[in-house]
Amino acid sequence: KDDYGIERTVEVLKKAVEESQDSGYKGGPIKRVALQFPDSLLQDSTFVFHSLSAALPSLQFFILGDTSYGSCCVDEVAAEHISANLIIHYGYSCLSPVSRLPIIYVFARHYSFNSDLFTSQLQTQLTPQTDKKYLVFYDPRYAYLLSPGMPLPTQISSLRPDVHFTSLSAPEYQIIIPSPSSFTLDSDQNLIFSRTIPSSVDMSSNTHTSIIYIGDSESRFLYNLTLRFNQFPIHLFDPQSSSPSFSSESQLVINRMISKRYFIIDKLQHSSVIGIVVGTLGVSRYTQIIQKLVRTIQAASKSHYLFVVGKLSGVKLGSYLHVDVFVLISCNENGIVDSKEFIRPIATPFEVEVALEEGRKWTGEYEPDWRKLLSQKGEKEELEEKKREEKKEEERRQGEEGTENEEKSLKVIDEGKKEIVGKMESAALEWLKGRTYKGLEMRVGETEVVGVVQ
């Protein structure tokens with residue numbers, strides 16, 4: 001039970017409550033706190049609830065049992081349903097920036113780690129080389145290893161100055177308040193997957209840098225890391241394995257991963273209808289990437305649908321067979337879907353950009369984080385740019401004439417004047433026109449009414 005840091009959480013909450021009395025505090029004064037747990041930690045949720053309630057009786061606490069999307073993401077939607085002013089997220093987290101409510105992360109159940117074993121394996125398996133550096137990423141549940149007083153930082157700094165650790169953009173037991181400044185960080189080249197890279201490490205592709213990941217071999221983060229840095233050697237150290245040691249993926253496996261993504265890019269190029277699946281309502285700037293995708297798809301003269309389906313499943317998407325490819329907007333951890341459950345390929349925003357933007361060629365570099373695709377412009381500038389583009393699109397539509405466009409549009413008729421007052425273009429209507437079977441014909445008023453015949 002000590003894994004949940006009740007005392008530290010109470011201290012942070014007291015500070016947050018005091019600061020929230022300021023009129024400019026995001027979310028207003030803290031009175032209602034949502035406790036979000038993944039399924040694996042739900043059995044301890046009542047212990048945490050009663051402990052915090054006893055320590056802070058002035059606050060109301062609520063347990064969020066089932067998340068709207070992935071459990072690694074902060075569920076702002078569920079928290080707003082109970083009018084929460086703050087969320088405490090327990091367990092593993094993707095650390096995606098939030099957009100509305102203050103957050104406190106408690107990673108819980110910190111895994112054991114043998115610092116002496118890690119150091120000895122590092123010395124024997126990854127020997128120092130001239131002009132070569134090692135950059136260490138890690139599961140957030142190992143972040144405690146870098147805390148003051150822990151032996152690992154001292155051991156590494158004295159024995160291996162060529163080894164550098166990333167730092168989490170959202171540390172544990174700190175109040176994370178959404179702010180416009182987080183938007184500019186999305187395009188910061190030193191911030192990758194919500195981890196800050198030390199300025200002393202050069203991550204350009206022509207450098208002699210290797211990557212070390214401390215965590216599970218089946219981690220989605222490791223999969224993203226391998227795609228993002230497919231030109232770098234990546235060494236895995238899994239402390240929970242029976243015999244922890246450094247291992248690395250073969251280049252053949254990495255090439256297969258890249259080939260799968262290239263296949264989806266090819267499918268996008270030859271598609272007619274693309275479905276945009278919204279897999280998050282909490283990650284900051286998700287509305288902006290939707291707008292960018294719509295503009296890119298329309299510029300490529302393709303049709304699109306927008307879906308909000310909650311947790312992704314093959315059954316849900318399997319109902320839309322006329323959609324050639326789906327593109328998923330989600331957090332980094334859940335954004336890449338590689339499963340045979342889905343009968344249509346599921347792409348990422350990066351793959352849409354590579355496939356459909358005119359003159360764009362894929363060099364093999366990959367970016368799973370769609371926030372990197374957005375510019376550093378402020379919301380006001382992006383809104384003005386959007387209005388200019390909409391105006392140009394409207395002028396283009398008004399200038400076009402032809403029967404083909406007339407057939408693909410839905411005419412809006414004023415019943416009083418019996419004249420066309422507008423048109424609405426619809427991908428769904430265009431697809432329906434091409435179907436031979438369009439459902440039962442109602443034939444209202446055309447069928448004679450007769451009595452029941454036995």
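In which order do the strands of the open sheet of four strands stand, and with what pairing? I will come to the answer in a moment, after a word on what we are looking at. This is a predicted model, in which local features need pLDDT of at least 70 and side-chain atom pairs count only at pLDDT 80 or more, while totals for chains, interfaces and linings use all residues. Residues are numbered from 1 along each chain as its sequence is written, and side-chain values use heavy atoms, with hydrogens and water left out.

The protein has 454 residues, of which 46% count as buried, where buried means under 20% relative accessible area with a 1.4 Å probe and protein chains only. Among the contacts with a separation of 6 or more, 71% are between residues 24 or more positions apart, a contact being heavy atoms within 4.5 Å.

Now to the opening question: the order is β15-β14-β16-β17, and the pairing is parallel. Two strands pair if DSSP finds at least two bridges between them. At the edges stand β15 (303-308) and β17 (346-347), each of which pairs on one side only. Between β14 (residues 273-278) and β15 there are six bridges in the parallel sense, and G275 has Y305 in β15 as its bridge partner.

The axes of α9 (residues 286-299) and α11 (residues 349-356) come within 10 Å of each other and cross at roughly 25°. The two helices are therefore roughly parallel to each other, a term used for angles under 35 degrees. On the side of α9, the contact is made by I289, K292, L293, T296 and I297, and on the side of α11 by P349, V352, E353 and L356. These residues divide into six nonpolar, one polar and two charged.

Let me turn to a second open sheet, in which five strands follow the order β2-β1-β3-β4-β8 with mixed pairing. Here β2 (60-64) and β8 (175-176) stand at the edges with a single partner strand each, so one side of each is left without a neighbour in the sheet. Strand β4 (residues 103-106) pairs with β8 in the antiparallel sense over two bridges, and I104 has I175 as its bridge partner in β8. Helix α1 (residues 6-19) lies across β1 (32-36), β2, β3 (86-90), β4 and β8, running at about 160° to β3. Helix α2 (residues 45-55) also packs on the sheet, touching β1, β2 and β3, and its direction makes about 170° with that of β2.

Finally, how many residues of strand β5 are buried? Five of the six residues of β5 (residues 133-138) are, so this strand is largely enclosed by the rest of the structure. With β11 (residues 209-214), β5 pairs in the parallel sense over six bridges, and L135 stands opposite I211 in β11. With β6 (residues 163-165), the pairing of β5 is parallel over three bridges, and there V136 stands opposite F165.

Technical notes. Axes are lines fitted to C-alpha atoms, for helices over the stretch in contact, and angles run from 0 to 180 degrees between N-to-C directions. Angles under 35 degrees count as roughly parallel, over 145 as roughly antiparallel, 65 to 115 as roughly perpendicular and the rest as oblique. Ala, Val, Leu, Ile, Met, Phe, Trp, Tyr, Cys and Pro count as nonpolar, Asp, Glu, Lys and Arg as charged, and the others, Gly among them, as polar. Buried means under 20% relative accessible area, exposed over 50%, partly exposed in between (1.4 Å probe, protein chains only).
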